Amino acid sequence: MSALVIGAFVKISVFFYAVIVGLSTLFKVKRPSALTYPVGTVILFFSLTIASNFQEHLKEGVTIMPVLLFIPFHVVIPFMLLCIAFIKHRIKKQTRCSHPNDCSAFACYLLLHMQLLPLFFYLF
């Protein structure tokens, strides 16, 4: 049980640190520690208002999260990135890459970035 508590604490701490560093980079804040209390307050507010009890938390995790998080982050965003990469490579008109088998640049890019293939097996 204590391993779960320690693991949850570490996970929340890493996510909180990532949010602070990301926001400080995005808004060009010189002291990232200045964002600690405002971000912590927002997280506390949302944690109290999103689900009032554990059953509601589980229901939201099963019904709402797949639609709002999993589909956009696992399907929509990777597909958009693939389309953007395809368009960028078409615009650059790179005909050959530096590999010894002399493959086209876009085919080489697709072969190196095949992370989308397991996603389709996961969804269907």
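These are my notebook entries on a predicted model.

**Ground rules.** I number residues from 1 along each chain as its sequence is written. Because the model is predicted, I ask for pLDDT of at least 70 for local features and 80 or more for side-chain atom pairs, while totals for chains, interfaces and linings use all residues, and side-chain values use heavy atoms, with hydrogens and water left out.

**Fold.** I looked up the secondary structure and found six helices and zero strands. The pattern along the sequence reads α-α-α-α-α-α. Helices (H or I, at least four residues) and strands (E, at least two) are DSSP runs, numbered from the N terminus. I then checked burial: of the 124 residues, 11% count as buried. Buried means under 20% relative accessible area, exposed over 50%, and partly exposed in between (1.4 Å probe, protein chains only).

**Largest pocket.** I noted a volume of about 740 Å³ for the largest pocket. A pocket here is an open set of points on a 1 Å grid over the protein atoms alone, where a 1.4 Å probe fits, with protein on both sides within 12 Å along at least five of seven lines; lining residues have an atom within 4 Å of a point. The volume is the space filled by probe spheres set on the points, which are joined across faces, edges and corners.

Which residues lie nearest its centre? I found I12, I43, S47, I50 and H57, out of 16 lining residues. Helix 1 (2–26), helix 2 (36–50), helix 3 (54–63) and helix 4 each supply at least two lining residues. Helix 1 gives the largest share, six residues.

**E60.** I found E60 in helix 3. E60 is buried, at 16% relative accessible area. Its C-alpha atom is 9.0 Å from that of I50, 10 residues away along the chain.

**Nonpolar patch.** I traced a surface patch of about 1100 Å², with I64, F70, I71 and M80 among its residues. I71 sits in helix 4 (residues 65–92) and is partly exposed at 42%.

**K28.** I stopped at K28, in the loop between helix 1 and helix 2. Its phi is near 55 degrees, a positive value in a residue other than glycine. K28 is exposed, at 70%.

How values were computed
Patches are made of residues with over 30% relative accessible area and no salt bridge: like charges are joined within 9 Å, nonpolar side chains (Val, Leu, Ile, Met, Phe, Trp, Tyr) within 5 Å. Accessible areas come from the Shrake-Rupley method with a 1.4 Å probe; for residues, only the protein chains shown count as cover. A salt bridge is a side-chain nitrogen of Lys or Arg within 4 Å of a carboxyl oxygen of Asp or Glu.
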